[in-house]
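Here's a quick briefing to read with the model open beside you.

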Amino acid sequence: MASVTFDQATRVYPGATTPSVDKLDLQIEDGEFLVLVGPSGCGKSTSLRMLAGLEEVNSGRILIGDRDVTALSPKERDVAMVFQNYALYPHMTVADNMGFALKISGVDKGEIRKRVEEAADILDLRPYLDRKPKALSGGQRQRVAMGRAIVRSPQVFLMDEPLSNLDAKLRVQTRTQIATLQRRLGTTTVYVTHDQVEAMTMGDRVAVLKDGLLQQVDTPRRMYDHPNNVFVAGFIGSPSMNLIDMDLTDGGVKFGNGVLPVDRATVQGASGNQVTVGIRPEDLVPSTDGQGLPVEVDVVEELGADAYVYGHLAGTTPSATDKPLVARVDGRSVPMKGETVHFTPKKEHVHLFDIESGLRLGE
Ligand code: ADP
(Lines give C-alpha, C1' and ligand atoms only; values in the text may rest on other atoms or scores of the structure.)
Protein backbone atom coordinates (compact mmCIF):
# COMPACT_ATOMS: atom_id res chain seq x y z
CA MET A 1 0.00 0.00 0.00
CA ALA A 2 1.09 3.55 -0.58
CA SER A 3 0.07 7.15 -0.88
CA VAL A 4 -0.23 8.85 -4.27
CA THR A 5 0.93 12.37 -5.05
CA PHE A 6 0.19 14.46 -8.10
CA ASP A 7 2.68 17.32 -7.95
CA GLN A 8 1.82 20.03 -10.49
CA ALA A 9 1.13 17.21 -12.97
CA THR A 10 0.27 18.57 -16.41
CA ARG A 11 -0.74 16.95 -19.69
CA VAL A 12 -0.92 18.83 -22.97
CA TYR A 13 -1.93 16.56 -25.84
CA PRO A 14 0.05 16.99 -29.06
CA GLY A 15 -1.51 19.80 -31.09
CA ALA A 16 -3.64 21.07 -28.19
CA THR A 17 -3.39 24.71 -27.16
CA THR A 18 -4.53 24.25 -23.57
CA PRO A 19 -3.59 21.53 -21.06
CA SER A 20 -6.12 18.74 -20.55
CA VAL A 21 -4.85 18.50 -16.99
CA ASP A 22 -3.33 21.69 -15.64
CA LYS A 23 -0.86 21.65 -12.72
CA LEU A 24 -2.79 19.06 -10.75
CA ASP A 25 -1.82 19.02 -7.06
CA LEU A 26 -3.40 16.16 -5.17
CA GLN A 27 -2.27 14.09 -2.22
CA ILE A 28 -4.05 10.76 -1.72
CA GLU A 29 -3.46 9.03 1.59
CA ASP A 30 -2.38 5.45 2.04
CA GLY A 31 -5.52 3.28 1.94
CA GLU A 32 -7.78 6.13 0.91
CA PHE A 33 -10.62 5.87 -1.64
CA LEU A 34 -10.43 9.02 -3.71
CA VAL A 35 -12.97 9.78 -6.43
CA LEU A 36 -12.16 12.06 -9.34
CA VAL A 37 -15.39 13.54 -10.66
CA GLY A 38 -16.42 16.18 -13.17
CA PRO A 39 -18.29 16.61 -16.44
CA SER A 40 -17.19 14.83 -19.60
CA GLY A 41 -13.89 16.17 -20.95
CA CYS A 42 -12.72 17.73 -17.66
CA GLY A 43 -9.55 15.60 -17.55
CA LYS A 44 -10.48 12.73 -15.20
CA SER A 45 -9.32 9.87 -17.42
CA THR A 46 -6.21 11.75 -18.44
CA SER A 47 -5.28 12.21 -14.75
CA LEU A 48 -5.83 8.52 -14.06
CA ARG A 49 -3.92 7.48 -17.16
CA MET A 50 -0.99 9.68 -16.15
CA LEU A 51 -0.90 7.86 -12.82
CA ALA A 52 -1.11 4.50 -14.62
CA GLY A 53 1.76 5.45 -16.91
CA LEU A 54 -0.43 5.29 -20.01
CA GLU A 55 -0.19 9.01 -20.69
CA GLU A 56 2.91 11.17 -20.73
CA VAL A 57 3.33 13.81 -18.02
CA ASN A 58 4.55 16.98 -19.73
CA SER A 59 5.52 18.78 -16.55
CA GLY A 60 5.28 18.08 -12.85
CA ARG A 61 5.67 14.74 -11.10
CA ILE A 62 3.73 11.74 -9.90
CA LEU A 63 4.75 9.82 -6.80
CA ILE A 64 3.57 6.50 -5.39
CA GLY A 65 4.69 6.41 -1.78
CA ASP A 66 8.14 8.02 -1.91
CA ARG A 67 8.87 6.72 -5.41
CA ASP A 68 8.89 9.20 -8.25
CA VAL A 69 7.15 7.13 -10.95
CA THR A 70 6.86 9.91 -13.54
CA ALA A 71 9.30 8.26 -15.93
CA LEU A 72 8.47 4.63 -15.14
CA SER A 73 6.60 2.29 -17.47
CA PRO A 74 3.12 1.10 -16.41
CA LYS A 75 4.55 -2.30 -15.42
CA GLU A 76 7.07 -0.80 -13.04
CA ARG A 77 4.50 1.23 -11.13
CA ASP A 78 2.73 -1.56 -9.25
CA VAL A 79 -0.78 -0.31 -10.03
CA ALA A 80 -3.75 -2.26 -11.38
CA MET A 81 -6.38 -0.66 -13.55
CA VAL A 82 -10.03 -1.65 -13.95
CA PHE A 83 -11.36 -0.32 -17.24
CA GLN A 84 -14.81 0.78 -18.30
CA ASN A 85 -15.18 -2.03 -20.85
CA TYR A 86 -13.47 -4.64 -18.58
CA ALA A 87 -11.25 -5.75 -21.51
CA LEU A 88 -11.66 -9.46 -20.71
CA TYR A 89 -10.16 -12.01 -23.11
CA PRO A 90 -13.17 -13.81 -24.64
CA HIS A 91 -11.34 -17.08 -25.38
CA MET A 92 -10.01 -17.47 -21.83
CA THR A 93 -11.82 -18.83 -18.79
CA VAL A 94 -12.56 -16.58 -15.83
CA ALA A 95 -9.67 -18.15 -13.92
CA ASP A 96 -7.24 -17.58 -16.81
CA ASN A 97 -8.46 -14.01 -17.26
CA MET A 98 -7.89 -13.31 -13.58
CA GLY A 99 -4.48 -14.94 -13.50
CA PHE A 100 -3.17 -13.66 -16.83
CA ALA A 101 -1.07 -10.77 -15.53
CA LEU A 102 0.56 -13.07 -12.98
CA LYS A 103 1.31 -15.64 -15.67
CA ILE A 104 2.98 -12.98 -17.83
CA SER A 105 5.17 -11.93 -14.93
CA GLY A 106 6.30 -15.52 -14.41
CA VAL A 107 4.52 -16.37 -11.16
CA ASP A 108 4.29 -20.17 -10.77
CA LYS A 109 1.08 -22.02 -11.51
CA GLY A 110 0.29 -23.12 -7.96
CA GLU A 111 0.67 -19.58 -6.62
CA ILE A 112 -1.51 -18.19 -9.43
CA ARG A 113 -4.27 -20.73 -8.69
CA LYS A 114 -4.11 -19.88 -4.98
CA ARG A 115 -4.40 -16.12 -5.56
CA VAL A 116 -7.15 -16.51 -8.17
CA GLU A 117 -9.18 -18.69 -5.80
CA GLU A 118 -8.74 -16.25 -2.93
CA ALA A 119 -9.94 -13.38 -5.11
CA ALA A 120 -12.81 -15.53 -6.45
CA ASP A 121 -13.96 -16.17 -2.88
CA ILE A 122 -13.91 -12.47 -2.05
CA LEU A 123 -15.92 -11.71 -5.20
CA ASP A 124 -18.30 -14.70 -5.11
CA LEU A 125 -16.88 -15.98 -8.38
CA ARG A 126 -15.85 -19.54 -7.36
CA PRO A 127 -18.63 -21.29 -9.31
CA TYR A 128 -17.72 -19.43 -12.49
CA LEU A 129 -13.95 -19.94 -12.66
CA ASP A 130 -14.14 -22.34 -15.60
CA ARG A 131 -16.63 -20.32 -17.64
CA LYS A 132 -15.86 -18.00 -20.51
CA PRO A 133 -16.80 -14.31 -20.12
CA LYS A 134 -19.70 -14.59 -22.59
CA ALA A 135 -21.44 -17.02 -20.22
CA LEU A 136 -21.50 -14.40 -17.44
CA SER A 137 -23.88 -11.59 -16.56
CA GLY A 138 -22.71 -7.98 -16.78
CA GLY A 139 -22.26 -7.81 -13.02
CA GLN A 140 -20.19 -11.00 -12.96
CA ARG A 141 -17.95 -9.72 -15.76
CA GLN A 142 -17.43 -6.56 -13.79
CA ARG A 143 -16.34 -8.66 -10.80
CA VAL A 144 -13.91 -10.63 -12.96
CA ALA A 145 -12.36 -7.32 -13.99
CA MET A 146 -12.05 -6.43 -10.30
CA GLY A 147 -10.61 -9.89 -9.60
CA ARG A 148 -7.93 -9.39 -12.19
CA ALA A 149 -6.80 -6.29 -10.33
CA ILE A 150 -7.04 -7.89 -6.88
CA VAL A 151 -4.86 -10.96 -7.66
CA ARG A 152 -1.97 -8.67 -8.38
CA SER A 153 -2.07 -7.14 -4.86
CA PRO A 154 -0.98 -3.81 -6.29
CA GLN A 155 -0.10 -0.73 -4.30
CA VAL A 156 -2.88 1.24 -5.98
CA PHE A 157 -6.15 0.38 -7.73
CA LEU A 158 -7.16 2.64 -10.60
CA MET A 159 -10.76 2.48 -11.76
CA ASP A 160 -12.10 4.27 -14.80
CA GLU A 161 -15.93 4.38 -14.73
CA PRO A 162 -16.05 0.65 -13.90
CA LEU A 163 -19.83 0.65 -13.45
CA SER A 164 -20.86 2.46 -16.61
CA ASN A 165 -21.84 -0.75 -18.45
CA LEU A 166 -24.24 -1.91 -15.75
CA ASP A 167 -27.94 -1.12 -15.53
CA ALA A 168 -29.08 1.38 -12.90
CA LYS A 169 -30.07 -1.13 -10.23
CA LEU A 170 -26.92 -3.22 -10.53
CA ARG A 171 -24.84 -0.07 -10.50
CA VAL A 172 -26.20 0.88 -7.10
CA GLN A 173 -25.52 -2.63 -5.70
CA THR A 174 -22.07 -2.85 -7.21
CA ARG A 175 -21.02 0.56 -5.98
CA THR A 176 -21.65 -0.60 -2.41
CA GLN A 177 -19.75 -3.84 -3.09
CA ILE A 178 -16.73 -2.02 -4.47
CA ALA A 179 -16.65 0.47 -1.60
CA THR A 180 -16.94 -2.37 0.95
CA LEU A 181 -14.28 -4.42 -0.81
CA GLN A 182 -11.90 -1.48 -0.96
CA ARG A 183 -12.28 -0.87 2.76
CA ARG A 184 -11.68 -4.53 3.46
CA LEU A 185 -8.53 -4.71 1.32
CA GLY A 186 -7.37 -1.25 2.41
CA THR A 187 -5.74 -0.62 -0.97
CA THR A 188 -5.31 3.01 -2.01
CA THR A 189 -7.83 3.58 -4.80
CA VAL A 190 -8.37 6.30 -7.37
CA TYR A 191 -11.80 6.04 -8.98
CA VAL A 192 -13.03 8.07 -11.93
CA THR A 193 -16.69 8.84 -12.58
CA HIS A 194 -18.82 11.59 -14.11
CA ASP A 195 -21.62 10.70 -11.71
CA GLN A 196 -21.64 12.91 -8.63
CA VAL A 197 -23.91 10.53 -6.72
CA GLU A 198 -21.39 7.74 -7.24
CA ALA A 199 -18.62 10.08 -6.12
CA MET A 200 -20.44 11.21 -2.99
CA THR A 201 -21.51 7.71 -1.92
CA MET A 202 -18.20 5.93 -2.56
CA GLY A 203 -15.35 8.31 -1.85
CA ASP A 204 -13.55 8.98 1.43
CA ARG A 205 -12.76 12.21 -0.37
CA VAL A 206 -13.89 13.62 -3.67
CA ALA A 207 -11.86 15.73 -6.10
CA VAL A 208 -13.88 17.85 -8.55
CA LEU A 209 -12.26 18.79 -11.86
CA LYS A 210 -13.39 21.26 -14.50
CA ASP A 211 -11.55 22.12 -17.72
CA GLY A 212 -8.43 20.35 -16.47
CA LEU A 213 -8.35 22.36 -13.24
CA LEU A 214 -8.90 20.99 -9.76
CA GLN A 215 -11.80 22.88 -8.19
CA GLN A 216 -11.98 21.33 -4.73
CA VAL A 217 -10.96 18.20 -2.87
CA ASP A 218 -12.84 17.38 0.30
CA THR A 219 -14.93 14.81 2.11
CA PRO A 220 -18.40 14.38 0.60
CA ARG A 221 -19.99 16.11 3.60
CA ARG A 222 -17.66 19.11 3.48
CA MET A 223 -18.07 19.37 -0.29
CA TYR A 224 -21.85 19.45 0.08
CA ASP A 225 -21.89 21.95 2.94
CA HIS A 226 -18.99 24.14 1.83
CA PRO A 227 -18.60 24.24 -1.93
CA ASN A 228 -15.61 26.48 -2.77
CA ASN A 229 -17.19 27.99 -5.83
CA VAL A 230 -20.34 28.24 -7.94
CA PHE A 231 -19.29 25.36 -10.18
CA VAL A 232 -18.90 22.86 -7.33
CA ALA A 233 -22.08 24.21 -5.73
CA GLY A 234 -24.08 23.47 -8.88
CA PHE A 235 -22.35 20.18 -9.72
CA ILE A 236 -22.64 18.40 -6.37
CA GLY A 237 -26.18 17.58 -5.23
CA SER A 238 -29.35 16.54 -7.03
CA PRO A 239 -31.56 18.39 -7.80
CA SER A 240 -28.84 21.00 -7.95
CA MET A 241 -28.48 24.01 -5.69
CA ASN A 242 -30.53 27.11 -6.58
CA LEU A 243 -28.08 29.80 -7.64
CA ILE A 244 -29.67 33.23 -7.92
CA ASP A 245 -27.99 36.59 -8.52
CA MET A 246 -29.37 39.10 -6.02
CA ASP A 247 -28.84 42.73 -5.08
CA LEU A 248 -26.83 43.68 -2.03
CA THR A 249 -28.61 46.06 0.27
CA ASP A 250 -28.13 47.55 3.74
CA GLY A 251 -27.57 44.70 6.15
CA GLY A 252 -27.76 41.89 3.65
CA VAL A 253 -29.14 40.65 0.37
CA LYS A 254 -32.54 41.60 -1.06
CA PHE A 255 -34.60 38.46 -0.93
CA GLY A 256 -38.07 38.84 -2.43
CA ASN A 257 -39.94 41.32 -0.24
CA GLY A 258 -37.47 40.91 2.61
CA VAL A 259 -33.80 41.13 3.40
CA LEU A 260 -31.61 38.13 4.01
CA PRO A 261 -29.23 39.32 6.72
CA VAL A 262 -25.58 38.82 5.84
CA ASP A 263 -22.47 39.80 7.76
CA ARG A 264 -20.92 42.90 6.33
CA ALA A 265 -17.51 41.20 6.50
CA THR A 266 -18.73 38.33 4.35
CA VAL A 267 -19.69 40.53 1.41
CA GLN A 268 -17.04 43.18 1.90
CA GLY A 269 -14.82 41.85 -0.89
CA ALA A 270 -17.69 41.23 -3.32
CA SER A 271 -17.32 42.61 -6.84
CA GLY A 272 -20.18 44.96 -7.67
CA ASN A 273 -23.60 45.32 -6.11
CA GLN A 274 -24.79 41.77 -6.55
CA VAL A 275 -23.86 38.36 -5.18
CA THR A 276 -24.83 34.85 -6.23
CA VAL A 277 -26.95 33.32 -3.50
CA GLY A 278 -26.90 29.51 -3.31
CA ILE A 279 -29.66 27.58 -1.52
CA ARG A 280 -30.20 23.83 -1.71
CA PRO A 281 -33.77 22.63 -2.44
CA GLU A 282 -34.13 21.23 1.10
CA ASP A 283 -33.12 24.59 2.60
CA LEU A 284 -36.01 26.56 1.09
CA VAL A 285 -38.97 26.53 3.46
CA PRO A 286 -42.51 27.55 2.43
CA SER A 287 -43.50 30.56 4.54
CA THR A 288 -46.97 31.05 5.94
CA ASP A 289 -46.82 34.82 6.32
CA GLY A 290 -46.14 35.83 2.72
CA GLN A 291 -42.51 36.67 3.48
CA GLY A 292 -39.64 35.61 1.28
CA LEU A 293 -39.20 34.80 -2.36
CA PRO A 294 -42.44 34.49 -4.38
CA VAL A 295 -42.23 31.44 -6.63
CA GLU A 296 -44.86 30.52 -9.20
CA VAL A 297 -45.14 26.74 -9.37
CA ASP A 298 -44.57 25.16 -12.80
CA VAL A 299 -44.25 21.47 -11.93
CA VAL A 300 -44.54 19.35 -8.81
CA GLU A 301 -42.60 16.09 -8.73
CA GLU A 302 -44.10 13.81 -6.09
CA LEU A 303 -41.77 11.24 -4.59
CA GLY A 304 -43.97 10.01 -1.78
CA ALA A 305 -42.22 11.16 1.40
CA ASP A 306 -41.34 14.48 -0.19
CA ALA A 307 -41.98 16.41 -3.35
CA TYR A 308 -39.89 18.75 -5.46
CA VAL A 309 -41.54 21.98 -6.45
CA TYR A 310 -40.12 23.49 -9.65
CA GLY A 311 -41.04 27.04 -10.45
CA HIS A 312 -39.89 30.52 -11.39
CA LEU A 313 -39.75 33.88 -9.68
CA ALA A 314 -43.34 35.17 -9.66
CA GLY A 315 -43.83 38.23 -11.83
CA THR A 316 -41.14 37.18 -14.30
CA THR A 317 -41.58 35.29 -17.56
CA PRO A 318 -39.17 32.39 -17.62
CA SER A 319 -37.41 31.63 -20.86
CA ALA A 320 -36.69 28.08 -21.99
CA THR A 321 -33.08 28.44 -20.91
CA ASP A 322 -33.77 29.75 -17.39
CA LYS A 323 -32.94 27.26 -14.71
CA PRO A 324 -36.04 26.59 -12.60
CA LEU A 325 -36.05 27.25 -8.89
CA VAL A 326 -36.53 24.06 -6.94
CA ALA A 327 -37.64 23.45 -3.38
CA ARG A 328 -38.19 20.24 -1.47
CA VAL A 329 -41.47 20.18 0.42
CA ASP A 330 -43.42 17.69 2.51
CA GLY A 331 -45.01 15.13 0.20
CA ARG A 332 -48.30 15.42 2.09
CA SER A 333 -48.68 19.13 1.56
CA VAL A 334 -47.81 20.11 -1.97
CA PRO A 335 -48.82 23.30 -3.77
CA MET A 336 -50.74 23.32 -7.06
CA LYS A 337 -49.33 24.19 -10.45
CA GLY A 338 -49.80 27.91 -11.10
CA GLU A 339 -49.96 28.77 -7.39
CA THR A 340 -47.53 31.30 -5.96
CA VAL A 341 -45.67 30.11 -2.87
CA HIS A 342 -43.29 32.21 -0.78
CA PHE A 343 -40.09 30.56 0.37
CA THR A 344 -37.58 31.64 2.99
CA PRO A 345 -34.15 30.07 3.28
CA LYS A 346 -32.71 28.31 6.31
CA LYS A 347 -30.25 31.08 7.10
CA GLU A 348 -27.48 28.84 8.39
CA HIS A 349 -27.41 27.00 5.06
CA VAL A 350 -27.22 29.93 2.68
CA HIS A 351 -24.12 30.06 0.45
CA LEU A 352 -22.80 33.28 -1.06
CA PHE A 353 -20.52 33.53 -4.08
CA ASP A 354 -18.79 36.42 -5.79
CA ILE A 355 -20.72 37.32 -8.92
CA GLU A 356 -17.58 37.67 -11.05
CA SER A 357 -15.07 35.10 -9.78
CA GLY A 358 -17.71 32.62 -8.61
CA LEU A 359 -15.66 32.06 -5.44
CA ARG A 360 -17.26 31.42 -2.08
CA LEU A 361 -17.67 34.49 0.13
CA GLY A 362 -17.16 34.05 3.88
CA GLU A 363 -17.15 30.74 5.71
P1 ADP B 1 -12.82 12.98 -19.01
O2 ADP B 1 -12.22 11.65 -18.61
O3 ADP B 1 -13.02 13.88 -17.85
O4 ADP B 1 -14.06 12.85 -19.83
P5 ADP B 1 -10.45 13.21 -20.67
O6 ADP B 1 -9.33 13.14 -19.69
O7 ADP B 1 -10.77 11.98 -21.45
O8 ADP B 1 -11.76 13.75 -19.92
O9 ADP B 1 -10.19 14.38 -21.69
C10 ADP B 1 -9.78 15.67 -21.28
C11 ADP B 1 -9.56 16.53 -22.50
O12 ADP B 1 -8.47 16.03 -23.26
C13 ADP B 1 -10.73 16.57 -23.47
O14 ADP B 1 -10.83 17.86 -23.98
C15 ADP B 1 -10.35 15.58 -24.54
O16 ADP B 1 -10.90 15.94 -25.77
C17 ADP B 1 -8.85 15.70 -24.58
N18 ADP B 1 -8.21 14.41 -24.94
C19 ADP B 1 -8.37 13.23 -24.32
N20 ADP B 1 -7.61 12.28 -24.89
C21 ADP B 1 -6.97 12.86 -25.94
C22 ADP B 1 -6.03 12.41 -26.92
N23 ADP B 1 -5.61 11.15 -26.95
N24 ADP B 1 -5.59 13.32 -27.82
C25 ADP B 1 -6.00 14.62 -27.78
N26 ADP B 1 -6.87 15.10 -26.88
C27 ADP B 1 -7.36 14.24 -25.96
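Predicted model: local features only at pLDDT ≥ 70, side-chain atom pairs only at ≥ 80, totals over all residues.

**Ligand site**

- Going around the ligand, you'll find Y13 and S20, plus P39, S40, G41, C42, G43, K44, S45 and T46.
- K44 puts a polar side-chain atom 2.9 Å from an oxygen atom of the ligand.
- C42 gets involved through its backbone instead: an N or O atom there lies 3.1 Å from an oxygen atom of the ligand.
- On its own the ligand would expose 570 Å², and the protein buries 55% of that.

**Helix α4**

- Helix α4 covers residues 138-150, so to speak a 13-residue stretch, and it runs 19 Å from first C-alpha to last.
- That span is close to the 18 Å expected at 1.5 Å a residue.
- Because 11 of its 13 residues are buried, α4 is largely enclosed by the rest of the structure.
- The buried ones are G139, Q140, Q142, R143, V144, A145, M146, G147, R148, A149 and I150.
- As for what they pack against, the helices are α2 (94-104), α3 (109-122) and α5 (168-185), and the strands are β6 (79-82) and β7 (156-160).

Note on methods
Residues numbered from 1 in each chain as written. Heavy atoms only, no water. Near = heavy atom within 4 Å. Polar contact = N/O pair within 3.5 Å; in protein donor to acceptor, adjacent residues only side chain to side chain. Areas by Shrake-Rupley, 256 points an atom, 1.4 Å probe, with all protein chains shown as cover. Helix = DSSP H or I, 4+ residues; strand = E, 2+ residues; numbered from the N terminus. Expected span 1.5 Å × (residues − 1). Buried < 20%, exposed > 50% of the residue type's maximum accessible area, 1.4 Å probe, protein only. Contact = heavy atoms within 4.5 Å.
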